[in-house]
Amino acid sequence: MSFRHLDRFAQVRSPVTRVPAAGRVFGTVVLALATATLPAGAWVQLGLLAAVSLALLAIAHVPLRVALARLAWPLGLVLLASLALLVVMPGEPLARLGPVAVTAQGADRFAMVMGRAMVALLPAVLLVSTTSFPELLQGLRELRVPVAVATALGLAYRLLYLTVDELERLQRAARSRHAGGGVTRRRHLITAIAAATLGRAFVRAERTHAAMLARGFRGTLPLLHAPVWTYRAVLNVAAVSILVLAVAASARLP
Amino acid sequence: MTALVQARDVTYHYPDGTPALDTVAFTVAAGERVALLGPTGAGKSTLLQSLNGLLRPSAGAVLVGGVAVNDETVTAVRRRVGLVFQNPDDQLFLPSLLEDVAFGPLNAGASRAEAATRSHAVLEALGLAAAHDRAAHHLSGGERRLAALATVLVSQPDLLVLDEPSGDLDARSRRRLRDILAERREALLVATHDLEFVRGLCSRALVLVAGKLAWDGALDVLLADRAMMERFGLVA
Ligand SMILES: Nc1ncnc2c1ncn2[C@@H]1O[C@H](COP(=O)(O)OP(=O)(O)OP(=O)(O)O)[C@@H](O)[C@H]1O
Ligand SMILES: [Mg+2]
C-alpha cells in the first residue's frame, strides 16, 4: 500500500467523516488521553475503550486489517521502548533470560503499557485514515493550534510524503536494474537508495514550496470546502466524549 | 506603452556560487508570444523563476508592469506572472484537482464559492471537468500537465510562463496543449528544447547560452539559420 493512500477513507461518507475535522481531532485527543492515563490494572476499562475505538473504525468503514497494519509501526517503537520494563521492575522472578530475571510485576506493567499504547493509537489511526491533510490542518487551526505549528506540520507531512514517493520510485528503478544480488550488494544498494531518497525529497520539497509561493501561498492552506457542523455531528462527538470520559472516570473510582 | 515584463541586466548566482545569468536584458509586451531557447544548463529555468520573484537577481532588476519586483510588490507580481513548473508533480499537491486549482484564487482572497466557480470553468475549458475530484497522482502525464496549467490560468495572469511544457508528452497530448496555448490571449514565454512545439506558436525567440542572452529576434529567422542554430547548440 502506498503512503499517499493514507487518507483513502476520507472520501467514504460515514457518520465519522460527517464530523468536521476539528471534531475528529478533538475526539481523538479525548479518546487517546483517556486511554493513555488509565491506571495500571484497569483492564475492563481498557477493553471498553478498545471497543469504542473498534466501533468507530467499523462505522468509518476502515477494515480492521488495515487499522492493525497501520498500528504495527508505531507499536513496534513502543515495544522496543518498554521491553526494559520486563526486567527492571523489582518483584518475583518469573523466568530467567541469561543474567536478568523477568518479574511478574514487570510482565504485568509491560502488558498494560502495550495494551494502552495499542488502544490509544487506534483513534489516531482512525483520524489519519479518514481525514485528508488539508482538512486536518484546518481542524487544528479551528482548535486554536498556532498557525506556525499547523504549517510546520503541513510542511513536515509534505516532506514525508515526498520522501516515501521518491523511495518508491528509486526502489522501482533499482529493482528493475538489479534482479538479484547477494546480501552485501543489497545492503549497499539500500544505503545508496536511502541517501538518494533524502536528497531528492529535500530538493522536491523546495520546488513544491516554490510552486506554492508562485501561487500566492502565505503560510496557510486555504480550504475550498467549509466544514459544516450538523446537529447530529455535535451530538455524536458529545456522546462519544461523555462515554469515554465516564469509562475513564470509573477506573479512578475507589 | 510600458512593457509587461522588463528584465534589466539581470545577473544571478546561486547561493553555492554557480553563475546562472549574466546581464540578461529584454522586454516582453502584452500579448506577445516568446520562445526561450538554449542548451541545457543555459539558465532558462533560472530566468523564469526570477521573473515572478521566486529568485531575486544578484544584480539588475525585473520590472512587471513598470513596477520593480521586491518584497512589497511580489504578491501582485505573482498574480500577473503565472509560472507553470517543469514538473507538474511539484505543482499539484492537494487531495483533488479542484482544490489544487482553487488554491491560487483562495490565496488571493477569493470567496470559496467564487474560487470553486472559477476553478470549474478553467477545468471545463481544458477538458478536465470530469476529473475535478480526482487526485493529481491518478491522472495521466498529459492530463497532469494540463492540470498544472489550470492551476495558473485560473488566476488570470497577464503573462503565462511555461518551463518545458511539452516534455514527456505523446504526440497527441502535445498537439492538444499547443492548440490550447495558441488560443490564449495572455502573453506567453515558453522555455523549451522542443523547437517543433514553439514553431508557429511563438513569433519571437530569446536564446540563452551560458547565462548570456545570445539572440533576441524573430523565431522564423532563427529556425531558418542552420549555422546559427548550431552555434547556439540548439541542434545536434
Ligand atoms: N539550485 C541550484 N543550485 C546551484 N546551481 C544550480 C541550481 N539550479 C540550477 N543550477 C545551475 O545553474 C545553471 C542554470 O540552470 P537552469 O536550470 O536555469 O538551466 P536550464 O537552461 O533550465 O537547463 P535545462 O534545459 O536542462 O532545464 C546550471 O549550470 C545549473 O547547474
Ligand atoms: Mg530548466
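## A salt bridge between the chains

Let's start with Arg207(A) and Asp90(B), whose side chains meet in a salt bridge, with 2.5 Å from N to O. Keep in mind that this is a predicted model. The count of salt bridges between chain A and chain B is 1.

## What chain A brings to the interface

On the side of chain A that touches chain B, the elements giving two or more residues are α6 (133–142), α7 (147–177) and α8 (183–214) of chain A. Helix α8(A) has the largest share of that side, at 8 residues. Sorted by class, the side of chain A that touches chain B comes out at 13 nonpolar, 7 polar and 7 charged residues.

As for the overall tally, 27 residues of chain A and 25 residues of chain B take part in the contact. About 2400 Å² is buried between the two chains, and carbon and sulfur atoms give 59% of that area.

## Two helices crossing in chain A

Helix α6(A), one of the elements on the side touching chain B, also packs against α1 (residues 21–36) of chain A. Their axes are 7 Å apart and the angle is about 75°. An angle of that size falls in the 65 to 115 degree range, so α1(A) is roughly perpendicular to α6(A).

Who makes the contact? From α1(A) come Ala21(A), Ala22(A), Arg24(A) and Val25(A). From α6(A) come Glu135(A), Leu136(A), Gly139(A), Leu140(A) and Glu142(A). By class, the residues in this helix pair's contact split into 5 nonpolar, 1 polar and 3 charged.

Across all chains, the whole structure has 13 salt bridges. One that sits within chain B joins Asp158(B) to Arg80(B), with the closest N and O atoms 2.7 Å apart. This pair ties together distant parts of the chain, the two residues being 78 residues apart. Asp158(B) lies in the loop between α6 (141–153) and β7 (159–163) of chain B, while Arg80(B) belongs to helix α2 (residues 74–80) of chain B.

## Around Ser203(B)

Still in chain B, Ser203(B) is found in the loop between α8 (195–198) and β9 (204–209). What does Ser203(B) touch, leaving aside neighbours within four places in sequence? Its contacts are Arg33(B), Gly217(B), Ala218(B) and Leu219(B). Take Gly217(B): from Ser203(B) to Gly217(B) the sequence separation is 14 residues, and the C-alpha to C-alpha distance is 8.6 Å.

How values were computed. Residues are numbered from 1 along each chain as its sequence is written. Chains are lettered from A and ligands numbered from 1 in the order in which they are written. This is a predicted model: local features need pLDDT of at least 70, side-chain atom pairs count only at pLDDT 80 or more; totals for chains, interfaces and linings use all residues. Side-chain values use heavy atoms; hydrogens and water are left out. Contact means heavy atoms within 4.5 Å. Buried area is the accessible area (1.4 Å probe) that two parts lose on being put together, summed over both. A salt bridge is a side-chain nitrogen of Lys or Arg within 4 Å of a carboxyl oxygen of Asp or Glu. Helices (H or I, at least four residues) and strands (E, at least two) are DSSP runs, numbered from the N terminus. Ala, Val, Leu, Ile, Met, Phe, Trp, Tyr, Cys and Pro count as nonpolar, Asp, Glu, Lys and Arg as charged, and the others, Gly among them, as polar. Axes are lines fitted to C-alpha atoms, for helices over the stretch in contact, and angles run from 0 to 180 degrees between N-to-C directions. Angles under 35 degrees count as roughly parallel, over 145 as roughly antiparallel, 65 to 115 as roughly perpendicular and the rest as oblique.
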